[in-house]
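Please look through the sequence and the structure shown here, and then follow the report below, which moves from a loop to a core and then to a pair of helices.

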Amino acid sequence: FLFLAVLISVWRLQSTGWTDGLEHVRNMALLGLFVGLALGQSIFQKRSVTLLAIGYLLVLLTWQLLGMIEFGEEETYLGDKLIVLAGRLLLGLSEFTAGRPVKDPLFFVAIFCIPYWFAALISGYQLTRYANALAAVLPSGIMMFVIYFNHYTARDYRWMFGLYLFVALLLLGRQK
């Protein structure tokens with residue numbers, strides 16, 4: 001049920017169509033959920049869990065963002081790909097801080113990957129480590145709620161929020 005709840009929350013983001021590449025946010029959220037579930041089952045202390053979560057975030061986010069960049073048919077070395085990625089992210093950051101519109105979807109996707117990663121990671125961790133279903137469904141629900149109030153469209157997507165609440169209640173009902 002938690003997998004479905006996180007997936008519905010990310011689908012709501014994808015339904016906005018704000019930019020290309022939002023499927024990478026979905027991938028990061030699901031990977032974050034699996035890492036959170038695994039870290040919740042582990043015997044690591046909080047400091048180790050935090051360091052592992054940040055390490056996984058850096059590696060998996062880089063992997064997902066590199067998947068958004070077209071490098072042509074020729075073989076490109078990983079170092080060159082990382083330089084291109086860092087350059088595009090720094091350019092997007094400088095445009096954003098200068099108050100100019102950021103035209104590169106890579107920056108937007110990177111910005112959304114991070115909160116969805118942590119929301120899913122915390123959800124999985126809370127569910128497996130502490131059996132706290134309420135703390136597991138709140139992060140993705142909050143993300144969905146924020147998107148709901150920031151996406152104005154002629155189409156009605158309230159049914160997705162209702163479906164999320166239904167799945168969250170099913171998860172809460174499954175707890176002892």
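## A loop, a core and a helix pair

Thr 19 lies in the loop between α1 (2–16) and α2 (23–41), where helices are DSSP runs (H or I) of at least four residues, numbered from the N terminus. This is a predicted model, in which local features need pLDDT of at least 70 and side-chain atom pairs count only at pLDDT 80 or more, while totals for chains, interfaces and linings use all residues. Residues are numbered from 1 along each chain as its sequence is written, and side-chain values use heavy atoms, with hydrogens and water left out.

The C-alpha atoms of Thr 19 and Asp 104 are separated by 9.2 Å, although the two residues are 85 apart along the chain. The table lists contacts (heavy atoms within 4.5 Å) of two residues, leaving aside neighbours up to four places away in sequence.

| Residue | Residues in contact |
|---|---|
| Thr 19 | Pro 105, Phe 108, Val 109 |
| Leu 65 | Leu 85, Leu 89, Leu 106, Val 109, Ala 110 |

Leu 65 also belongs to the largest nonpolar core, which has 49 residues, and Val 6, Val 25, Leu 65 and Tyr 116 touch the most other members. Such a core is a set of buried (under 20% relative accessible area, 1.4 Å probe, protein chains only) Ala, Val, Leu, Ile, Met, Phe, Trp, Tyr and Cys residues joined through side-chain atoms within 4.5 Å. The largest share of this core, 12 residues, comes from α5.

The axes of α6 (residues 133–150) and α7 (residues 158–174), which are lines fitted to C-alpha atoms over the stretch in contact, come within 10 Å and cross at roughly 175°. That makes α6 roughly antiparallel to α7, a term for angles over 145 degrees.

Note on methods. Axes are lines fitted to C-alpha atoms, for helices over the stretch in contact, and angles run from 0 to 180 degrees between N-to-C directions. Helices (H or I, at least four residues) and strands (E, at least two) are DSSP runs, numbered from the N terminus. Angles under 35 degrees count as roughly parallel, over 145 as roughly antiparallel, 65 to 115 as roughly perpendicular and the rest as oblique. Buried means under 20% relative accessible area, exposed over 50%, partly exposed in between (1.4 Å probe, protein chains only).
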